[in-house]
Amino acid sequence: MTEFKLPELGENIDQGDLVRLMISPGASVAEGQPVMELETDKAVVEVPSSVAGTVKEIRVKEGDKVKVGQVIFTVENGAGGKIKSATEPKAQAMKAPAEKQSPPVQQAVPPSKTEAQAAAVSSAPAISAAVGATEFTLPELGENIDQGDLVRLMISPGAKVSEGQPVMELETDKAVVEVPSSVTGTVKDVRVKEGEKVKVGQLIFTLEGGTATLPEKAKHAPVEHISEQHEARLSVQAAMQAEGKTAAQVFLPDQPQPPAPRGFAMPEQLDKVAGTEHRQPAPAAPHVRRLARELGVDIHEVKGTGPGGRISEDDVKAYSKSLLTSVAAVAQSAQAGHFVEPTLPDFTRFGRIERVSMRGVRRKTAAHLREAWNTIPHVTQQDKADITELEQLRARFAPKAEEAGGKMTVTAIALRVCASALKIFPQFNASIDMAKEEIVYKQYINIGVAVDTDRGLLVPVIREVDKKNIVELAAELTQLSQKAREKKLAPAEMEGGTFTITNLGGIGGTGFSPIVNHPEVAIIGLSRSSMEPIWLNGKFEPRLVLPLSLSYDHRLIDGADAARFLRWIAEAFEQPFLLSVQG
């Protein structure tokens, strides 16, 4: 049984979303046949099979996140995968004594620059072994170098390669090096391509009828294009070896210097602001620092993942990508009103927890209110209304509302009051279209009323409120509230609102800040009415006072207009006669 695993997808891509599977158990698969569609951060790609046979078991399903190296499916009577030597037992037997040594390389080099390397190569006896199919893997490149960028390939399938022949140019953190072949034969399959990152030990190409040279002692690094500075360093090291001295004997420690007289020094904080702050050189190669400059990245801010904190190109690119991602997220959030949810701590560290799925009304309410809060710059205006006379009228006309099938509540009266106010202040019966930079004034008045249910908050909408009297509104409000609590409210009955009323008076409270029901621009909240001493006619009198809270979209509504609107509503509650006069 053979396993097919997700292959490498490209630089910095380690997973993708499985969009479509093109195989099923029992199907025959050929090598190179597309078996799945995967969506990465960059594109949707078809992934070809590297095995052939009959599909036995599929380990993933559409919609899964699949990682590089994860088993996708298994095949019976399969072929493909890693190419093995035809005489593998012999190769393994020959490899055993030299298991800890690096593959040898031979390269003609100028004696003036690499005498030590040439001497090491010439002094290393080698064993040649003939094998049916030989693999060439990337040899050791030097201390603390485990990978490089493939700049140029010097071979192709069908080409003949001899031992010591340069087969590729690799750019490491230190230099561009030519990597010589340690095998001889005809190239069968090249497993890498230019531009890829290649790691030490990774398979580069295979040969047919090849011979491999196994070293006994010598450990030889690829030939580098050595700079003058590096050449000088090699010369110093050779001289030290010739004289039998150590680095500590040659390079004596600096003698302590007497402290210089203290003169004028720029303040440390000003030094930083001026951009002249002294910082230690970043542990990065010149080409990595150059890449950082080109990307506009401060190399000192990049955290290195290499040995000793060394910074690689991948570290710079990852840091740059994180900056771009965060900037894009902020820009998108500011434009669309969506923000990234902060990560929660591990609550199990403090005690037992229970997780319950957020479903239905609660999930929809959470998403909608977050969008409203993030989109609308909220301001809440507070006021009070003396409803002593209104309460007397409400008790008088309550039987008429009951005959119509409703209840004469403060909310029913508030519907009529607010409808009249919206006619006088049309900016409260509008919406904002920021995409077109327009204000949408609505020629109809549909008011939503927040209803508390066991499933969460629902807002049924009463249509054409301005064309109905208080008794009709009371009856319709009672019917819609009942339907909401009995889970019989249709989606269409919660759409088309232009303004919202929410009443917490039945529970309590002296005021609150309701959230505007986007795309509306205002909402009014009613709290519990209570008896308060009010100064009237030269004395304090006990009066029934209703707290009012108006939240509004400050992009469209100014504070002065909000104060006038809320005061008009308060006076309408205080003087019900205004409704009959002003409509």
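This report describes a helix pair and a group of aromatic rings in one protein.

The structure is a predicted model, in which local features need pLDDT of at least 70 and side-chain atom pairs count only at pLDDT 80 or more, while totals for chains, interfaces and linings use all residues. Residues are numbered from 1 along each chain as its sequence is written, and side-chain values use heavy atoms, with hydrogens and water left out.

**Overall composition**

The protein contains 13 helices and 29 strands; these are DSSP runs numbered from the N terminus (helices are H or I, at least four residues; strands are E, at least two). Of its 583 residues, 35% count as buried, where buried means under 20% relative accessible area, exposed over 50% and partly exposed in between (1.4 Å probe, protein chains only). Among contacts (heavy atoms within 4.5 Å) between residues at least 6 apart in sequence, 63% join residues at least 24 apart.

**Helices H10 and H12**

Helix H10 (residues 410-424) packs against helix H12 (residues 559-574) at an angle of about 135°, and their axes are 10 Å apart. Axes are lines fitted to C-alpha atoms, for helices over the stretch in contact, and angles run from 0 to 180 degrees between N-to-C directions. H10 and H12 are therefore oblique to each other; angles under 35 degrees count as roughly parallel, over 145 as roughly antiparallel, 65 to 115 as roughly perpendicular and the rest as oblique. On the side of H10, the contact residues include Ile413, Val417 and Leu422, and H12 contributes Phe565, Trp568, Ile569, Ala572 and Phe573. The residues of this contact divide into 12 nonpolar, one polar and no charged (Ala, Val, Leu, Ile, Met, Phe, Trp, Tyr, Cys and Pro count as nonpolar, Asp, Glu, Lys and Arg as charged, and the others, Gly among them, as polar).

**Aromatic rings**

Rings of Phe, Tyr and Trp (its six-membered ring) pair if their centres lie within 6.5 Å; planes under 30 degrees apart count as stacked, over 60 as edge-to-face and the rest as tilted. By this rule the count comes to seven aromatic pairs. Two of them involve Phe425.

| Pair | Centre distance | Plane angle | Class |
|---|---|---|---|
| Phe425 and Phe428 | 6.3 Å | 90° | edge-to-face |
| Phe425 and Phe565 | 5.5 Å | 90° | edge-to-face |

Phe425 is buried, with a relative accessible area of 13%, and Phe565 counts as buried at 0%. Phe428 is also buried. Together, Phe425, Phe428, Phe499 and Phe565 form one aromatic cluster.
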